[in-house]
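Please examine the assembly shown below before reading on. The explanation moves from the whole complex to its individual parts.

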Amino acid sequence: MARRWWPIAPAALVFLGLFVAPLVYFLIISFWSVKARMMRPDLTVANYIATWVEYGDVLVTTLAIAAAIGFATTLLAFGFAYVIRFKSGPLGPLLLFVTLITLFGGYLVKIYAWKSILGIDGILNMALTGIGLIDEPSGAFIYSTNAVVITLTYFLLPFAVLPIYGALRSIDDATMEAARDLGAKPLAVMRDIVIPQCEGGIMVAFTLAFLISAGDYVTPRFVGGGASMMGHFIETQFSIGFDWPMGSAMSFTILATSLAIVMAFRALLRRAIRP
Amino acid sequence: MGSNKRSLDAAMMLARQFSLSRRQVVAGMAAAGGATALGAWPGQAKAATTMTWMGWQGYETPILAGTFLADNDIDFQPTFISSNEEIITKLQAGGIGNTDLITMYFGYLPLMAETGLLEPIDTARISNFDKLIPQFNNQDAIRHNGELMGVPWNWGSLPLMYDPAAVSSVPESWLDIMKDEYKGKVAMVDDPLGNLLIWGTVVTGKPMGTLLTKEEMVAVIDKMIEIKTNHARAFFATYGDMSDAFARNEVVVSAIGWEAVAVWTAAKGKVIEYTIPKEGTGMFMDCLCIPKDCPNLDLTYAMIDHIVSAEPQRMFAEEQSAGITNLEAVPLLSEGLAATYPYDDLDGFMQRARLQPVPPTEPGEFATYDDFLNEYQRLQKA
């Protein structure tokens with residue numbers, strides 16, 4: 001019996017050592033305190049209280065931006081995956097390949113690409129001035145929350161398309177044809193057959209997009225022009241703040257609130273698709 | 001200074017990695033998992049001595065210069081940082097006893113010495129020490145209880161950068177950036193200490209802008225929030241981003257600066273200049289420090305001596321557009337770089353650009369470092 005588990009032992013050790021153990025460590029020190037720049041073992045919830053008192057506004061902003069990115073990404077990904085699965089015929093594999101190929105670009109490369117697109121001398125401004133929609137290049141497209149949403153949505157789109165497409169592939173065409181034969185309109189087919197059978201894919205897509213956005217602090221710094229999200233302040237505590245316990249408490253707070261939002265989304269989705 | 005720029009450099013390096021096939025990735029993961037589980041890496045030719053170093057990406061240039069590593073049979077293991085404070089954190093989290101050399105902003109040396117993170121420097125073991133700029137070597141801030149804690153090896157200042165083609169006149173005061181003509185065209189950079197070095201003095205009139213009361217600290221941050229919300233184009237993450245914005249004509253003046261930005265921007269085909277306004281500005285100086293219980297002390301001293309020798313200093317200056325401390329290296333610099341830094345009038349320069357300490361750690365007459373950070377986060381949120 002035990003021999004069955006040997007093959008996964010190395011991976012399990014890596015998982016325990018590099019994921020579980022650090023997580024447990026940071027959970028423990030989130031209840032510690034800091035004196036003279038040194039961590040002191042303690043059992044206090046002061047860091048969690050301080051997180052809500054001092055960073056409550058940033059937390060809400062972060063979750064709101066992440067939710068916007070999560071919804072936008074999931075919606076776009078669903079539409080794209082639906083087209084690939086049901087509407088593009090032999091072009092489907094090509095469209096899927098195009099989706100996947102965007103994964104090859106590096107994270108920072110994509111951020112800088114969007115800086116080039118949204119900047120004052122960027123492609124967007126050139127196009128808008130070229131067709132006469134605006135008289136002179138606008139600086140409003142970059143260094144804003146909108147730029148953060150656009151950049152992260154673009155970055156996360158392939159990650160969201162894949163699970164939804166995978167779920168859509170499992171839908172039997174015969175079921176949809178039967179529904180149509182029985183008089184179901186397209187909206188009813190979508191509501192009663194496609195979305196319920198795709199629920200798992202939608203949840204995975206939203207969860208990925210939402211959680212990655214909630215924890216990101218690089219994109220806001222580079223295209224947000226100072227738009228601050230929670231990750232930025234967590235980084236500050238671990239670096240120039242010398243306060244790992246506070247940083248840990250902030251991390252677990254956003255982790256817990258993010259999971260709560262994902263669970264709420266799941267409940268809402270299930271209620272919405274319930275026949 | 002320039003910290004964020006260097007962290008970006010490090011991140012870009014990572015982003016360029018991995019052009020492996022799926023098979024190679026899977027094989028690598030399996031090997032890594034097995035090796036980690038067994039607590040060993042597969043066979044790799046090892047040099048006689050492994051030396052560990054922590055500092056900014058690019059700061060390893062002088063170490064790699066020449067044949068120092070080969071001559072001493074050293075396996076050089078650099079760790080790149082994203083902020084000076086990261087070094088303190090890493091030393092506290094197990095780095096003591098495993099780290100040979102670090103490079104550190106001078107302002108943190110007293111704090112690190114107090115907390116027992118540094119070994120005192122024996123200058124008799126550094127043959128090039130007396131060739132270093134005395135104005136830096138003699139700073140009280142790099143000594144603790146009379147003992148030297150770091151060897152100065154590069155420096156620079158934080159001037160006001162401006163686009164000569166876009167400003168009506170050279171700004172004479174830092175407050176000139178708040179003129180209506182520059183509205184929405186001011187560059188700011190998210191460099192906490194750098195901003196305090198400048199605006200602490202501008203707002204309070206005190207020569208040491210880092211030694212402020214709590215009320216003064218609040219006033220400084222209020223002024224910076226006013227600039228950020230009403231005048232700034234963006235609160236840039238890096239000095240490199242600021243350079244890009246100048247090159248794209250998105251900004252015409254800056255609320256903070258670094259001589260290297262002018263060099264980078266010139267490389268993009270855009271000429272910008274810099275000036276030290278009447279209020280003066282801050283200056284930075286990075287030091288080579290030996291962590292407590294350094295495992296290879298003799299080689300570490302040899303490495304320090306190598307880093308501050310003339311040719312490695314020249315190479316570093318040319319590659320990073322940095323100020324250097326070995327006076328014998330100055331004549332070796334290219335004309336443009338030598339003119340960038342006022343080696344011939346350092347005393348006069350240091351009257352206008354001042355080396356300032358980090359805010360104190362303990363409560364007292366002045367706002368503490370923690371008070372400053374709390375206030376600075378108000379600026380980041382604004």
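The model is predicted, and the predictor assigns the complex an ipTM of 0.76 together with a pTM of 0.76. For chain B the mean pLDDT is 84, with 87% of the residues of that chain at 70 or more. Residues 1-44 of chain B fall below 50 in pLDDT, yet in the model this stretch has 52 contacts beyond near neighbours in sequence.

Chain A is built from twelve helices and two strands. Along the sequence, the order of elements in chain A is α-β-β-α-α-α-α-α-α-α-α-α-α-α. A box of roughly 70 × 70 × 35 Å along the principal axes holds the C-alpha atoms of chain A. Chain A has 275 residues, of which 35% count as buried. When contacts in chain A between residues at least 6 apart in sequence are considered, 73% of them link residues at least 24 apart.

Chain B contains 16 helices and 15 strands. Of its 382 residues, 46% are buried. Among contacts in chain B with a separation of 6 or more, 76% come from residues 24 or more positions apart.

Attention now turns to the contact between the chains. Chain B contributes 28 residues to it and chain A contributes 30 residues. On the side of chain B that touches chain A, two or more residues come from each of α1 (3-15), α2 (22-38), α5 (84-95), β10 (232-236) and α16 (369-381) of chain B. Of these, α5(B) gives the most, with five residues. Sorted by class, this side of chain B comprises ten nonpolar, ten polar and eight charged residues.

The buried residues in α11(A) are A:Met230, A:Gly231, A:His232, A:Phe233, A:Ile234, A:Thr236, A:Gln237 and A:Phe238. Within chain A, they pack against α2 (46-87), α9 (199-215), α10 (218-223) and α12 (244-273). Their packing also includes α5 and α16 of chain B, two elements that each give two or more residues to the side of chain B that touches chain A.

In soluble globular proteins, nonpolar side chains tend to be buried together. Here the largest nonpolar core has 162 residues, and the members that touch the most others are A:Ile164, B:Leu109, B:Val186, B:Met188 and B:Cys287. Helix α6 (residues 145-169) of chain A supplies the largest share of this core, 14 residues. Around B:Leu109, neighbours within four places in sequence being left aside, the contacts are B:Met104, B:Ala141, B:Ile142, B:Met149, B:Gly150, B:Cys287 and B:Cys289.

Strand pairing in chain B can be followed from β1 (residues 49-55), which runs parallel to β2 (residues 74-80) and is joined to β2 by seven bridges. β1(B) also runs parallel to β3 (residues 101-105) of chain B, with two bridges between them. Which residues stand opposite B:Trp53 in these two partners? In β2(B) the residue opposite B:Trp53 is B:Pro78, and in β3(B) it is B:Leu101.

Two loop positions complete the account. B:Gly280 lies between β12 (273-275) and β13 (281-291) of chain B. Is B:Gly280 buried or exposed? It is buried, because 20 other C-beta atoms lie within 10 Å, and the threshold for burial is 20 or more. B:Gly280 touches B:Thr201, B:Arg352, B:Ala353 and B:Arg354, residues up to four places away not being counted. Its C-alpha atom is 9.8 Å from that of B:Leu160, although 120 residues separate the two along the chain.

A:Ile171 occupies the loop between α6 and α7 (173-181) of chain A. It counts as partly exposed, because it has 16 C-beta neighbours inside 10 Å. Apart from residues up to four places away in sequence, A:Ile171 touches A:Met176, A:Val194 and A:Gln197. From A:Ile171 to A:Ser116, 55 residues apart in sequence, the C-alpha to C-alpha separation is 40 Å.

Note on methods: Residues numbered from 1 in each chain as written. Chains lettered and ligands numbered in written order. Predicted model: local features only at pLDDT ≥ 70, side-chain atom pairs only at ≥ 80, totals over all residues. Contact = placed C-beta atoms within 7 Å. Helix = DSSP H or I, 4+ residues; strand = E, 2+ residues; numbered from the N terminus. Nonpolar A, V, L, I, M, F, W, Y, C, P; charged D, E, K, R; others polar. Buried ≥ 20, exposed ≤ 12 C-beta atoms within 10 Å, placed from the backbone. Core = buried A, V, L, I, M, F, W, Y, C linked by C-beta atoms within 7 Å. pLDDT = per-residue confidence, 0-100. Pairing = 2+ DSSP bridges.
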